Amino acid sequence: MDNRLNVTYITFGGHVEVHKYRYLYFVVMFTVYILIISSNFTIVCIIMIHKNLHEPMYIFIAALLINSVLFSTAIYPKLFIDFLSEKQIISYPACLSQWFLYYWLAASDIVLLSIMAYDRYVSICNPLKYPTIMRKNTVDIFLISAWFLPVCLFLVGLLLNAKNKICKFHLKGILCNSTIQTLHCVRSTILNIYGLFLLVTFLFLPVLFILFTYSRILVVSYRCRGVRRRAAQTCLPHLLVLINFSCFTAYDVLLSRLEPDSSKIVRLIMALQVVIYHPLFNPIIYGLKMRRIYDHLKNLFCKMV
């Protein structure tokens with residue numbers, strides 16, 4: 001604790017030989033960050049520019065990719081500073097802010113994936129009603145809800161974490177996620193119950209809803225041969241992204257439950273998979289698997305060459 005400024009600092013203990021490989025870490029992660037920013041923004045710009053992509057499905061994809069950029073921007077700059085610093089520390093308020101951004105954007109992603117599943121369900125199972133249901137006002141409400149609802153609920157979690165007194169000042173990780181609860185002097189029952197509520201709200205219920213919608217799509221596709229190809233082309237990328245998000249969630253849950261004496265290398269690899277695969281995987285899948293986006297990307301690169 002810095003008594004002059006009355007600021008509490010947390011030390012990150014998850015880096016492996018950072019003093020020896022600091023420049024290698026920096027170059028590799030900076031390259032990944034540039035790839036994440038450029039790949040996501042390229043597809044977002046393509047969706048914004050081309051009028052044949054101004055449809056609900058592509059608008060939701062753009063929102064998901066914007067989330068990937070925001071998520072990376074909440075994590076990577078602090079990693080760069082840590083790689084080049086003698087001490088890997090963060091103030092406790094900044095740590096709580098990173099925790100909030102981390103889970104707000106992750107929760108927003110699963111809400112967007114649920115909305116996209118509903119969009120595909122209406123498009124394939126009720127095509128005649130699709131223009132009526134998925135109007136511009138409805139899309140706007142969905143987008144606002146995907147960002148605003150997680151903000152409200154995770155702000156409560158932020159306040160509950162901030163009220164808890166901390167007795168430890170060392171995190172066995174490289175970022176502030178669910179592991180910040182290990183800093184608390186006493187495990188809060190209210191915080192645990194609220195955390196369970198958030199887990200059910202932003203993981204279990206959306207995944208069940210997504211599985212239900214895609215099961216209905218599969219039934220319709222099985223009965224009607226004419227929609228099989230269309231369903232496969234538009235639903236497969238969403239399913240792949242859902243699997244990627246599930247892996248992201250699994251890694252995050254496992255990170256907070258690893259034994260204290262577990263290998264630092266194992267912790268580091270799992271943490272890096274969380275911050276690399278999730279934001280980099282989405283633009284690759286949507287860029288390669290969505291036919292219209294792929295065609296525009298191909299035309300763009302052909303013009304550049």
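Helices here are DSSP runs of H or I with at least four residues, strands are DSSP runs of E with at least two, and both are numbered from the N terminus. With that convention, Glu 17 belongs to the loop between strand S1 (9–12) and helix H1 (18–49).

Colleagues, a word on provenance before I continue. This is a predicted model, in which local features need pLDDT of at least 70 and side-chain atom pairs count only at pLDDT 80 or more, while totals for chains, interfaces and linings use all residues. Residues are numbered from 1 along each chain as its sequence is written, and side-chain values use heavy atoms, with hydrogens and water left out.

Let me return to Glu 17. Its phi is near 50°, a positive value in a residue other than glycine. Most residues other than glycine have a negative phi. Glu 17 is partly exposed, because its relative accessible area is 45%; the classes are buried under 20%, exposed over 50% and partly exposed in between, with a 1.4 Å probe and protein chains only.

I turn now to the interior. A nonpolar core is a set of buried Ala, Val, Leu, Ile, Met, Phe, Trp, Tyr and Cys residues joined through side-chain atoms within 4.5 Å. The largest such core has 91 residues, and the members touching the most others are Ile 61, Tyr 76, Leu 113, Tyr 286 and Ile 293. Helix H3 (residues 92–125) is the greatest contributor to this core, giving 20 residues.

Which residues does Ile 61 touch, not counting those up to four places away in sequence? They are Ile 47, Met 116, His 238, Tyr 286, Met 290 and Ile 293, where contact means heavy atoms within 4.5 Å.

His 238 counts as buried because its relative accessibility is 2%. Leaving aside neighbours within four places in sequence, His 238 is in contact with Met 57, Ile 61, Met 116, Arg 120, Tyr 214 and Tyr 286. Its C-alpha atom is separated by 10.0 Å from that of Ile 210, 28 residues apart along the chain.

Next, the packing of H3. H3 and helix H5 (residues 136–163) pack at an angle of about 150°, with their axes 8 Å apart; axes are lines fitted to C-alpha atoms, for helices over the stretch in contact, and angles run from 0 to 180 degrees between N-to-C directions. The residues of this contact divide into 21 nonpolar, three polar and no charged. In this count Ala, Val, Leu, Ile, Met, Phe, Trp, Tyr, Cys and Pro are nonpolar, Asp, Glu, Lys and Arg are charged, and the others, Gly among them, are polar. On the H3 side, the residues that meet H5 include Leu 96, Trp 99, Tyr 103 and Val 111. Among those on the H5 side are Trp 147, Pro 150, Leu 158 and Asn 161.

Leu 96 is buried, because its relative accessible area is 7%. Not counting residues up to four places away in sequence, Leu 96 touches Leu 158, Asn 161, Ala 162 and Ile 180. The C-alpha atoms of Leu 96 and Asn 177 are separated by 8.6 Å, although these residues are 81 residues apart along the chain.

Elsewhere in H3 we find Tyr 121. Tyr 121 and Phe 100 are 21 residues apart in sequence and 32 Å apart in space, C-alpha to C-alpha. Tyr 121 touches Asn 126, Thr 213, Arg 216 and Ile 217, again not counting residues up to four places away in sequence.

Finally, His 184 lies in the loop between strand S3 (170–171) and helix H6 (189–223). Why does His 184 count as buried? It does so because its relative accessibility is 8%. Leaving aside neighbours within four places in sequence, the contacts of His 184 include Tyr 92, Asn 161, Asn 164 and Leu 191.
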